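This report covers a multi-chain complex.

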Amino acid sequence: MREKADNTGPTSHEEFEPRIVALFCNWCTYMAADLAGTSRMGYAPNVRVVRVMCSGRIDPQFIMHAFARGADGVLIGGCHPGDCHYQEGNYKALRRFRLLRRVIESLGIERERLRLEWISASEADRLRRVADEMAADIRALGPLQLSIPAEDFASAEGAGAELTSPRIAWQTAAKEVAIP
Amino acid sequence: MKKLAYYPGCSLKGTGRAYDESLRAVFEVLGEPLEELDDWNCCGATSYMSIDKREAYALASRNLALAEREKADLLTPCNACYLVLEKTRRHLADSAEMGHRVRRALDAVGLSYEGDVRIRHPLEVLTRDVGEERIKEAVKEPLKGLKVAPYYGCQIVRPYATFDDQYHPQTMDRLLKATGAKVVPYPFKTRCCGASQTGTLPEVGLHLVYRLLNEAEARGADVLAVICPLCQFNLDAYQSQVRREYDLEPIPILYFSQILGLALGIPAKKLGIDRCVVSANRVLERRAAHAA
Amino acid sequence: MLREDGFGSGSTRDRAVDGATVNGDAPLTNGNPPIRIGVYVCHCGTNIARTVDVEQVTEKAGELPNVTVARDYKYMCSDPGQEMIKEDIEELGLNRIVVASCSPNLHEETFRGATAAGGLNPFFFQMVNIREHASWVHEDRESATEKAIDLVRAAVQRVRHHRALETRRVPIRPEVLVVGGGIAGITAALTLAHAGKHVYLVEREASIGGHMAQFDKTFPTLDCAACILTPKMTQVKAHPNITLMTMTDVVKVEGFVGSYEVTVKHRPRYIDVSLCVGCQQCIDACVYKRGKFEDEFDVGLSKRKPIYLPNAQAVPQVVLIDPEQCIQFSSGKCKQTCLEACDRDAILFDQEERVETLEVGAIIMATGFQTFDARRSPHYGYGIYPNVYTALEVERLVNASGPTGGEVVLRDGEKPTSVGIVHCVGSRDQKTNPWCSKVCCMYSLKLAHLIKEKTDAEVYNFYIDIRTPGKGFEEFYQRVAAEGTHLIRGKVASVYQQADGDGELLVDVEDTLAGMVRRIPVDMLILAVGLEPRADAEEVRRTFNITCSGDGWFMERHPKLAPVETFTDGVYLAGCCQGPKDIPETVAQAGAAAGQALALIDRAYIELEPNTAHVIAEDCSGCKTCIPLCPYQAILHDDAENRAEINEVLCKGCGVCVAACPSGSIVQNLFEDMEIYEEIEGVLAYA
Amino acid sequence: MTKPEPKPKVAFYWCASCGGCEEAVVDLAEGILDIVGAVDIVMWPVAMDFKRADIETMPDESILASFINGAIRTTEQEEMASLLRRKSKLVIAFGACSQLGGIPGLANLHDREGIYRAAYLESPSTENPRGTLPRPSSQQNGHELSLPGFFETVRALDQVIDVDYAIPGCAPHPQVIQSAVATLLSGELPPKGTVLAPDQALCEECPRRESKPLDLSISEFSRPHEILIDEEMCLLAQGLVCLGPATRAGCGAACVSGNMPCSGCSGPTSRVLDHGGKAISGIASLIGADDEEGIDRILEGIPDPVGTFYRYGLPASLLRRKTLS
C-alpha cells in the first residue's frame, strides 16, 4: 500500500479531504455514532471510527501512530465526566490528553488536530457537530505534514521510501507477534 | 459587570434619537455612563440578511470584533440591531464553515473574533446588573398613579428569548413598577405592531396599530411604553391616520427609558419627550401634579 | 501493514505479509498456519447498497493480503448468509471472518455464532459497521464507499491478530428490584412474584398507584381507573414474594449484572407501618380543624392536614406526617391530640431515616413521567388566569372521589357553560418538548366527553392533529365528535382575560379548516399537558448507570429489537420512564421487562465478553502504576514475586491499566495493542 | 604447522555523539583486553589511525561486526554508516544516540536554519562579524574546500542503514556491554532486531521499588533541584518525573542509586512503540486531579514535556521531529 508521502498530497486546500481517526468508547460515543446512523443524521465522511471499550483504553501511542500513519486529525470520544461506564476511565483519558496535547503542540501539530470530546450515547447531534467542525477546521489547516523533506536524503543510500513513514522502532523487533 | 460598549445603531441617531438621549441620561444618573463603541457600522438589519447571508454576517461581525478588541460586551437598545447581532453571534459559534469565512473577512481588515462577546439589551442590564433595588433607590419622583401598558414588540423575544420569556416577558414590567407607575395587564405585549406593513399595505398595518392602541385604551393605560425605535415611530406617527379610520383617543408612545428617566428626576427636555408626535403632556402633567 | 520488526524495508517477514497479496494465503509468521480470511459485505437490502458500492467494497477486500475470499450478499444476517460463512470455513479452510454490515451492537453475536458454527473459535471474527457509520450517515456514494473500504481494510488487518478466547460465566441472583410503584412497576412486580421470584418494590411516595390512581376513567373504554388498579395494588401488598417499600429512595447502586448491591434510604413517615390500620382517627383529632395544606394527590385542588392518608385507596393504607407542616416538628409545642387519638400507639415523632442494602440480580426501572409544567408556555395563561387548568387537575375534578365529588365547577363554584381544551401543550413544540406525548389526544377527547356529560357545556378541542392509533381509539374519536364537541384544527395563539369581562377568557386561534382566525370566549380552559421525563431523571440514570436519550427519557438498548433492555446488562425499562405510553402499552412493556428479567434469572448465569486484561508476568517490572488505576480493585501486587496480577473475575475489561502500563506488559483480550494499531493503520492506508 | 585462523575483524565508529560511548568501552578496564585479544580491530577513530580508504578496499562483509555510536547528523556520517554496513556481517547500534537518536536528536525540535543561527550567529560567545555559515563547499585562496552536508533532521542509525542489534544506554553500562558481547560471541545469535539488554522496566532492579506506594496519586511534579530528595523513597512518589517504569532495565538503576530520577536513556521495552508516549500514559494516569484546571495546574510542574519524555528518543519516536513550517 502507498504511504502518505510528503509533498505529494493534494496541492490546494479545496481538494484536500482530511482523514480523521476517531477513537470512540463503546458505551457512549460509539453509541452516539450508531444513533446518528439510525437517525440518518449526516456528518462529514472524513471520520473513521475505531472502537475501544473505554476512553481510558486509549494509549497516547495510538494517537501518535495515527498521526504517523497519515491521519490529519484524531478525535477521542468518551462518556461525560461522571458517566463513565467503568466509573472513571474517562478521567484517565483526560489526564493523558492534557499532557499529550502539550507534547503534540510542542512538536508543531496544531491543537485543532487533536480533540477530546465527551459525547453521550444520546448526543448524536453533538457528534455530528464535532465531526463537521473538526473536518472544517482541518480542511482549513491543510494536510498534516510530518515527514522529512526529501532533499535531505537525496544522496542517502539505502534510505528510500522508508524515510517518509515513521517506522516501528527497535522495540518490537525481538518479539514475534503471536499468530495462533 | 463586564465592560459594555454602547452600540446605538442607525435609528437611534435618527428617528429614535429620543431613545438615545433618554438612555444616556438614565445610565448617567445610575452611575454607569454609556461609552459608545468606536467606529461601529450598520448592523445590516433584516434586509441584508435576506440578500446575502455571508456578507451580512461579515458586516455584523465587524461590530463583534470591535467590541472584542475592547474586551467589552455590546449594549444594543434597538430591537432589530439586537436580533441581527445576536443571530450573527450564534451563527458564528454554531457553524464552523461560516465561522471560517467570516474570520477570513475580518482578517482582511486586521480584525479577529474569537466568540467572546455577548449581546446585551438595556432591559437586561437594568434588571440584572443594575437591579431594581438600585433603581428604586434612585427614583426621585415616583410616577404614582400613572398607568402604563408595556409593549415589547417582536424581535426582542423572537426567535431567541435570551433574557426574558418569549410569550410573557416581564423585564420592562418590573422596571416600570420600580418607577412607582401602575402596569396595566396588556395581553398584546408581543403582538405585531405592523411597522413592516404600514408603508406597503397601510390598511393591514393601520389595523394592527389600532388593535394595540385600542387594547391599551381598554385597559385604561395613560401611555404605552416601548423598547424599539421602529415600534415607537409606527405607533406614534400613524395615530392621526388611524383615527381617520377608527374611533380612538390619542395615546402617547414613550420609550421605557423616557418613563424611567422621568422617575429619576431627569428633565423632560433631556429625555427627548418633546420629540413625540402625540403629545406626552398628560404624562408630564401627572408627574407635575404628583410633585405638587 | 505494520511491520513486526524494527528494521527497514528489508525484513523477511514483511515480505511474507506483502507476498500474501499475491496468493492470499501466505503465512504471517513462520511455523504458524497461514491466515485465510473470508470477508462478507452485506447489502442490508438497500440500506447499505443504496449509498455504498457494495460490489466495489467486495472487490477491494478481495485484493487485501490474506483474504482468501470476499463475497457480498443481500442479507448476511439471514440464514443463507450465515450458512455461506459456515460453508466457506469448511470448504476454503478459512480461519478468520470479517463481516461488513451493521453495528456490532446488533449482530456481532449472530456472526460470532456463524463463525463458531463453521468450527472456528467465535473470536476469530471482526465486524465492520458500514451501515450506521457509513451508508446511513453519508449521502455521497463515492465517499461513503471509500470509507467502507477503509473500515473493511482495518478489520482485515486487525483480525489477523485475533486469538482464540473463552467466555466467562457469572451467576445471577434471583431477586429483582423494581423502582417505581405506578402501574408499570406494579405489573412488573406481580409478574415476577407470580413466577416465584422475590421482588423489592421501591416507591418514593407514601402510596403506590402512581399517576393512574389519580385518573377517573380510562380511554377509550371509559372503565374506572380505580376499579382496575386498586385490586392490583392490594395484591402487591399481600403477595409473599413482594417486599413493598414506600417513601424509599435508591441512593446507590453497585455491582453488575447478576449481583447488584442496591442501597436504599427509607424516609421516616413518623408512623409505625406495622401498627397503623388506617382508621384515620388521628387525622380527625389533629389540632388543625380543617385542611390547610395543598393536597398533592388532588394537585392542589383540595386541602389536607399535616397528618394525612395519601388518598382514599392508598396502599399501604397508612397515614403519614409532613414534618414541614406539623406543629410538633416546627415548635415542639403541639398538644399532640393525634397521639391521644391513636389507640395503637402507632405515631412515632422520633422515627428516623433508615438505610438498607438489597442484593438483587436484575433491576427494572419504572419511574414514570411528570406532566409538562404549563407555566413554561405562559401564552396559555396558566398560573396567570385562575380558570385555566391543566388536564391532571381536571382529572381530579371529574373524579367522583376528587375534591368536588366529581362536579366540574370553576374556582368560584360556578358550572362552566363553555370549555376549551388545548391539545399539545408543551408537546410537538421546538421551544418546549419536540415529541408527541401520545396520550393527550385521547385523554382530551375523554375529558371532552366527560365534561359534556356532566355540564352540557359547549366544548371546544383545539388540536394540531388528532392522533388515534390504537384499538378502539378512532371509534372513540368519532363518538365524541358525534356528541357535538367542537373540533377546531389550529394552534392557539394566545389566551387572555377580557378587559371588562368577569373572568371570561378569550382564545385566539386560527381555524385552519374554516380558513379564518377565530376568537372564542370560554369560561374554562383545559391545557392538555404532555408527558416529560421526571426532573431528576438525569440523577436517577447516573445512579443506575443507564443512559438518557437526547430528550431525557431513559434510553433503550435498541429502538426495535431491545426496547426494554438498557446498555447496562441486567437493568430493564418499563413504562413511561422510557417514553410516553398509554396504560395498555405500559402494562405490555412492564410484562416484557419482567419477562426479560426472568429469562436472565432462570438461566442462572450470564456469559461475559472475554475482553479482560492480564499481566504477562515475565514482562512486568512491578512498577505498580496499574494498581491504583483499576476502579474495581482487580489488580493486586504480589510482593513476593514483585509482579502485578489481575483477578479476571473482577476485571470488567475497560483497558485503563493496559493503556497505562509503562512497559507494555498488560494485554487486553480483543483489544490488544497490535490489533488496535492495525485497525488504525487500516483506516488510514490509502487505497 | 597450519596457518592460524585469522581473528575476526571488528570496527568501531562514532557519528553524532559526545564520546561517552568510547569512554564506556574504555571503562570496561581489563575486560577490554580480552576483547582486543580476541579480535582484530580494523577501525577505531578515537584510538587508532585507520582511514576510510582502508575500509573501502576491504571486501564486502569482511568485517564481522561494526559497533557504531552516535546519531546521523551529517552526510559524512551517513556515508560512513553505509560503508560499514556494506563491509560488515553485523552492525550494532551502540548507545542511545545510535539506537534512538539520543541527545543530539533533540535538535529535531528545530530546523537547520535555526540551528545555524543559534550556533554560528546568535550565541553569546560567537564572534562572527561576517556572518559566515558552514557550506558544503567553498573557495579559499583558489582552493576548493568541502565540509560534510548538514541534514535538516537527526536520525537514528536504523533509519539510515539496516541494523542488526542495539546496545542501549547513554552511555551503555559496562555490564550491558559485557553481556551483549558475550551474547554475540556465543555463536547463538538472537533474532535480528534484538536490543541486547533485559526486556523489563527499570523498576525490576530499582533499589527503591519497595518504597513505591500501591495507591500513588501525584499532586505535584518537581524537578530535582527544586526539592530535597529523600534518598530511599521512590522518586516518582516524591513528584519527580522518573521514567524508570517505562525504561528498559540493565543499568542497575545507576541514576536512581545516585539520587537522580531515571531520564530514560535505555529506551523502552520491546513491547512499546513510542517511549515518550507510553511514559506519558503511565505517568499522566497517576495525576491526582479529574478536571482540566486541576490537571493543568499539576502539569505546570513539567515545563518541558518533550525534553522530559523524549530526551533520548525524539528521532526514533513515532512523530520523529517538530513539523517544518
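## Chain contacts

Chains B and D do not touch. Their nearest C-alpha atoms are 20 Å apart.

## Model and conventions

This is a predicted model, where local features need pLDDT of at least 70, side-chain atom pairs count only at pLDDT 80 or more, and totals for chains, interfaces and linings use all residues. Residues are numbered from 1 along each chain as its sequence is written, chains are lettered from A and ligands numbered from 1 in the order in which they are written, and side-chain values use heavy atoms, with hydrogens and water left out.

The predictor gives the complex an ipTM of 0.72 and a pTM of 0.75. The average pLDDT of chain D is 92, and 99% of its residues score at least 70. pLDDT is the predictor's confidence in each residue, from 0 to 100.

## Chain D

Chain D holds 11 helices and 9 strands. Both are DSSP runs numbered from the N terminus: helices are H or I with at least four residues, strands are E with at least two. Chain D has a radius of gyration of 22 Å, close to the 20 Å of the globule rule for 325 residues, so it is as compact as a globular protein of that length. The radius is taken over C-alpha atoms, and the rule is 2.2 Å times the number of residues to the power 0.38.

The C-alpha trace of chain D spans about 70 × 60 × 30 Å along its principal axes. Of the 325 residues in chain D, 54% are buried, meaning under 20% relative accessible area (1.4 Å probe, protein chains only).

## A parallel sheet in chain C

In chain C, 5 strands form an open sheet, ordered β20-β27-β21-β22-β23, with parallel pairing. Two strands pair if DSSP finds at least two bridges between them. The edge strands of chain C, β20 (388-390) and β23 (486-489), each pair on one side only.

β20(C) and β27(C) (residues 524-529) pair over 3 bridges. V388(C) has L525(C) as its bridge partner in β27(C).

## A buried aspartate in chain A

D72(A) sits in the loop between α2 (60-68) and β3 (73-78) of chain A. D72(A) is buried, at 0% relative accessible area. A polar atom of its side chain lies 3.0 Å from the backbone nitrogen of L144(A).

Technical notes: Buried < 20%, exposed > 50% of the residue type's maximum accessible area, 1.4 Å probe, protein only. Polar contact = N/O pair within 3.5 Å; in protein donor to acceptor, adjacent residues only side chain to side chain. Contact = heavy atoms within 4.5 Å.
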